[in-house]
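User: I've got a model open and I'd like to go through a few spots in it. Can you take my questions one by one?

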Amino acid sequence: MSDQEFITARDVTFAYEPDEGCEPHNVLDGVNIAIRRGEFVALLGHNGSGKSTMAKMFNAMLLPTGGKVFVEGMDTVDEAILYEIRRRVGLVLQNPDNQLVASVVEEDVAFGPENLGVPPQEIRERVDEALKAVGMYDFRLSAPYKLSGGQKQRIAIAGIIAMQPECIVLDEPTAMLDPRGRTEVLDTIHRLNEEKGITIVLITHYMDEAVQAGRVIVMDGGHVLLSGEPREVFSQVELLKKHQLDVPQATELTYRLQGMGFPMPCTLTTEECVEAIAAYLPPLPAASRT
Amino acid sequence: MIRDIALGQYIPGDSLVHRLDPRVKIVLIFLFIVFLFVAQNFVSLLLLVISVVVSISLSGVPLRHYLKSIKAILFIVLFTSVLNLFYGGGETLLKIGFMEIKSGGVSNAVFITVRIISLILLSAVLTFTTSPTSLTDAIERLMKPLKVFHVKVHEIAMMMTIALRFVPTLLEETDKIMSAQKARGADMESGGFAQRARALLPILIPLFVSSFRRAYDLAMAMECRCYHGGEGRTKMKVLHAGARDAVASVVVVLICAAVVVSNIFLPGVLS
């Protein structure tokens, strides 16, 4: 294990308790994942691919039935260091409403550090800092039910940041949000990754969210299917399609154009796609441009 | 809006009463209420009424809020005081048929009216000036000695906190489910009592199911944030009683002492 590796999952298998008369079914079936410190990883996969189960392995909410998960070299099976692991690896869940404990924003953010037994004065500082980090400081005295979904999700993230974690795992944090809320949340986690160096594992099924990550891991049927930089992963359109996975719309369009005999590079974003297509169009006459 | 009502009656403010330590406030108001029932003569009763009026004016909460809380119990007050009129000794003041109103009955009626109204007003002072969170916080700390008897003080306070947090969320959800059922043709307004009660079932069942799902999610989120009960837990906000609270306590204790003294030296008027 190298120094760089923050979370290591080695040959992880997992099966939920089978229903009576059913064969146990492995949700995870020999997963190997290594996440480096400071990385921004997107974990992709469709429903039932095991990605959410994997997320709960990272902070010992679930323990592997086979194989091992290490966080900073600590085995997640070890109950004595359970809270050490959970403090280092925070988990943000899908539904923002169901994660907030207190009826005042700042008291909710304080919940984590309070559990850790941090002295009151320091909790105050951590809460203020966490709220500023997610841009919700002005709402510190609001009631959560008065906030929008995106704001609530940012409060949930602040609640994790107040524990001063080294890694935040987000399990489809934008699935229940409107487009504006999605942007708010994504901007926040990108900023946390860049400015505070917090390792981010973003579990999602939105391709455009995955494109912005530093690395993409695609899971399918309890296995890791692909892993690499977004461009590397999404250029394998055929393989992804074979596993009923989508690719970003821009990639899809250039892929089809390639199939129609236009040699062009694989694109990930709308801008890239526009550029690639524009190269084939005759330049517009100057007059019609305005 | 239905949501605004349920969030408790807290009226934010910065008055003297608002700034008292919630623990002190709870204890003092409780003491006050006990002494309302200790008072046996009009002098002490008057003293207590004045104290209630003073604390109301110190709370800085508009009078209409207090009037509203009295309006809710007006019927009970009238009913009990009228009943009390006919109960009690002393000389007969009025005779209607076989019923007699005696002087003791009149003082009984006055006492019961003043007691109930003061009781309601005092608890209103408490809930108007204390946010639900500080209220649960204070209750947790006041109940701490009960730990000796293995009362799960922290858990009770945590449950209260969560319940308060989810009241608006569940109300919103009820609203949504009701609309959804109405959109499917559910009729909730017509029919007798039994029919209406039955019409509630399609609302209660989804609400119940979703509450369990929420509970499961919340439990997981709490565990993710290292929740492991009250042990080794600290609090961001530390309550500390200051000079203000000391003064308030002294004043209340003096009033209570005056009530006791007047009970000893003045004749009781209740029968």
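User: Is Ala210(A) buried or exposed?
Analyst: Ala210(A) is buried, because its relative accessible area is 0% and the cut-off for buried is under 20%. Keep in mind that this is a predicted model.

User: Which element is Ala210(A) in?
Analyst: Ala210(A) lies in helix α7 of chain A, which covers residues 207-211.

User: And what is Ala210(A) in contact with, leaving aside neighbours within four places in sequence?
Analyst: With those neighbours left aside, Ala210(A) is in contact with Ala42(A), Leu44(A), Val216(A), Pro230(A) and Phe234(A).

User: What separates the C-alpha atoms of Ala210(A) and Gln121(A)?
Analyst: Those two C-alpha atoms are 39 Å from each other. Along the chain, Ala210(A) and Gln121(A) are 89 residues apart.

User: Next, His190(A). Where does it lie?
Analyst: His190(A) is in helix α6 of chain A, residues 179-195. This histidine is buried, since its relative accessible area is 13%, and buried means under 20%.

User: Which side chain does the side chain of His190(A) make a polar contact with?
Analyst: The partner is the side chain of Gln212(A), at 3.1 Å. If you leave aside neighbours within four places in sequence, His190(A) is in contact with Phe40(A) and Gln212(A).

User: Switching to chain B. Where is Asp21(B) found?
Analyst: Asp21(B) sits in the loop between α2 (16-19) and α3 (22-38) of chain B.

User: Buried or exposed?
Analyst: Asp21(B) is buried, because its relative accessible area is 4%.

User: Which backbone nitrogen lies 3.4 Å from a polar atom of its side chain?
Analyst: That nitrogen belongs to Ala241(B). Ala241(B) is also on the contact list of Asp21(B), along with Leu239(B), His240(B) and Asp245(B), once neighbours within four places in sequence are left aside.

User: Different topic. How many disulfides does the structure hold?
Analyst: Zero, counted over all chains. Take Cys266(A): the nearest cysteine sulfur, in Cys273(A), is 10 Å away, and Cys266(A) is in no disulfide.

User: Remind me what a disulfide is?
Analyst: A disulfide is a covalent bond between the sulfur atoms of two cysteines.

User: What about cavities? How many of 30 Å³ or more are there?
Analyst: The count is one. The space in the largest cavity is about 50 Å³.

User: Which residues line the largest cavity?
Analyst: From chain A the lining takes Leu91(A), Val92(A), Gln99(A), Ala156(A) and Ile160(A), and from chain B it takes Ala221(B), Cys224(B) and Arg225(B).

User: Which elements supply at least two residues each?
Analyst: In chain A they are β6 (89-92) and α5 (149-161), and in chain B it is α10 (193-224).

User: How do the lining residues of that cavity divide?
Analyst: Six are nonpolar, one is polar and one is charged.

User: And the second largest pocket, how much space lies in it?
Analyst: About 510 Å³. It is lined by 25 residues, and the closest to its centre are Lys56(A), Asp171(A), Tyr216(B), Asp217(B) and Met220(B). Two elements give two or more residues to that lining: α1 (51-58) of chain A and α10 of chain B.

User: Which element gives the most to the lining of the second largest pocket?
Analyst: α10(B), with six residues.

User: Last topic, backbone angles. What is phi of Asp11(A)?
Analyst: Phi of Asp11(A) is near 45°, a positive value in a residue other than glycine. Asp11(A) is in strand β1 of chain A, residues 5-15, and counts as partly exposed because its relative accessibility is 46%.

User: And phi of Glu72(A)? What is it near?
Analyst: Phi of Glu72(A) is near 50°, which is positive, and Glu72(A) is likewise a residue other than glycine. Glu72(A) lies in the loop between β4 (66-71) and β5 (74-75) of chain A. At 29% relative accessibility, Glu72(A) counts as partly exposed.

Methods: Residues are numbered from 1 along each chain as its sequence is written. Chains are lettered from A and ligands numbered from 1 in the order in which they are written. This is a predicted model: local features need pLDDT of at least 70, side-chain atom pairs count only at pLDDT 80 or more; totals for chains, interfaces and linings use all residues. Side-chain values use heavy atoms; hydrogens and water are left out. On a 1 Å grid over the protein atoms alone, a cavity is a set of points where a 1.4 Å probe fits but cannot get out, and a pocket is an open set with protein on both sides within 12 Å along at least five of seven lines; lining residues have an atom within 4 Å of a point. Grid points are joined across faces, edges and corners, and a volume is the space filled by probe spheres set on the points. Helices (H or I, at least four residues) and strands (E, at least two) are DSSP runs, numbered from the N terminus. Ala, Val, Leu, Ile, Met, Phe, Trp, Tyr, Cys and Pro count as nonpolar, Asp, Glu, Lys and Arg as charged, and the others, Gly among them, as polar. Buried means under 20% relative accessible area, exposed over 50%, partly exposed in between (1.4 Å probe, protein chains only). A polar contact is a pair of N or O atoms within 3.5 Å; within protein, one must be able to donate a hydrogen and the other to accept it, and residues adjacent in sequence count only if both atoms are side-chain atoms. Contact means heavy atoms within 4.5 Å. A disulfide is a pair of cysteine sulfur atoms within 2.5 Å.
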